[in-house]
Amino acid sequence: MSGELQFYLVAVPAVIVLGLSKGGFTGLSSLAMPMMSLVISPVRAAAIVLPVLIVQDWVSVWAFRRDFSPRNLVILIPASMIGVAAGWLLAAQVSEDVVRMAVGVISIAFVAYMLIRDRLGLAPVATPGVPTGLLWGSLAGFTSFISHAGAPPFQVYVMPQNLKPRVFAGTATMFFAAVNLIKLPPYLMLGQFSRENLTLSALLIPVAVLSTFAGVWLVRRVSADRFYAIILVITFLIGAKLIYDAVPALV
């Protein structure tokens, strides 16, 4: 099998996953990078994926333009700038496997917390707090910059608020659309946008747009309880996958 064919056999499903995530199933996007890293280097995968993500953002921002939490965005977007700046400064020193391990542990711990909270009947968070928002927003910006894996920290902060599914999806859409634009200048300065990578990004964009619309369509038809159950399962599976990928390189 040629290397180009092998790339597309992995890249197309990865972009579909990204589209479903941008359409509202936040968290699925964290699967795309591990998938693409099976056939190309993680650094090159990140460079190819970012323009695709930005185009998907245009579609999903329009779809959710009336459904989002302004307070969450006011807290999280400035916090993400801290994380993106840290990711840029530490890009050469931070091991991607350490980031994978950290995000994986956070994801699984968060799922455990949500299940315990529901079992004990604890009340959801009424309003998002600023100190915790700064922590999780900056962590989301950092992990998004390093490996496009900002969804788990975002979910840790937002899911306990029990927002309506469309508001949750819209808030995630607006947040990551802003983060992806913030990431552009540092990526350019790190020289990650070659002509070859941008060409591959352009070829994947039609798949990205169609899959994003599919995600929007699905979110509108899934009940709130089922939506959050799906998100928890996705978060757990992503966390387990990230830990599984990181352990061999760290031990």
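Q: Is I48 buried or exposed?
A: In this predicted model, I48 is buried, with a relative accessible area of 0%, where buried means under 20% relative accessible area, exposed over 50% and partly exposed in between, using a 1.4 Å probe and protein chains only. Residues are numbered from 1 along each chain as its sequence is written.

Q: OK, which residues is I48 in contact with, leaving aside its neighbours within four places in sequence?
A: I48, which is found in helix 3 (helices are DSSP runs of H or I with at least four residues, numbered from the N terminus), is in contact with F7, M36, I40, N197, L200, S201 and L204 once those neighbours are left aside, contact meaning heavy atoms within 4.5 Å. I48 and F193 are 145 residues apart in sequence, yet their C-alpha atoms are 7.8 Å apart in space.

Q: And which residues touch the most other members of the largest nonpolar core?
A: Of its 48 residues, those are F7, M36, I48, F154, V158, F175 and L204; a nonpolar core here is a set of buried Ala, Val, Leu, Ile, Met, Phe, Trp, Tyr and Cys residues joined through side-chain atoms within 4.5 Å. Helix 3 (residues 42-63) gives the largest share of this core, eight residues.

Q: Switching topic, at what angle do helix 7 and helix 8 pack?
A: Helix 7 (residues 151-158) packs on helix 8 at about 135°, with the axes 12 Å apart, where axes are lines fitted to C-alpha atoms over the stretch in contact and angles run from 0 to 180 degrees between N-to-C directions. The two are therefore oblique to each other, given that angles under 35 degrees count as roughly parallel, over 145 as roughly antiparallel, 65 to 115 as roughly perpendicular and the rest as oblique.

Q: Which residues make that contact?
A: Helix 7 contributes A151, F154, Q155 and V158, and helix 8 contributes F168, T171, A172, F175 and F176.

Q: What about helix 4 and helix 8, how do they cross?
A: The axes of helix 4 (residues 70-89) and helix 8 (residues 165-189) come within 10 Å and cross at roughly 25°, and these helices are therefore roughly parallel to each other.

Key:
Predicted model: local features only at pLDDT ≥ 70, side-chain atom pairs only at ≥ 80, totals over all residues. Heavy atoms only, no water.
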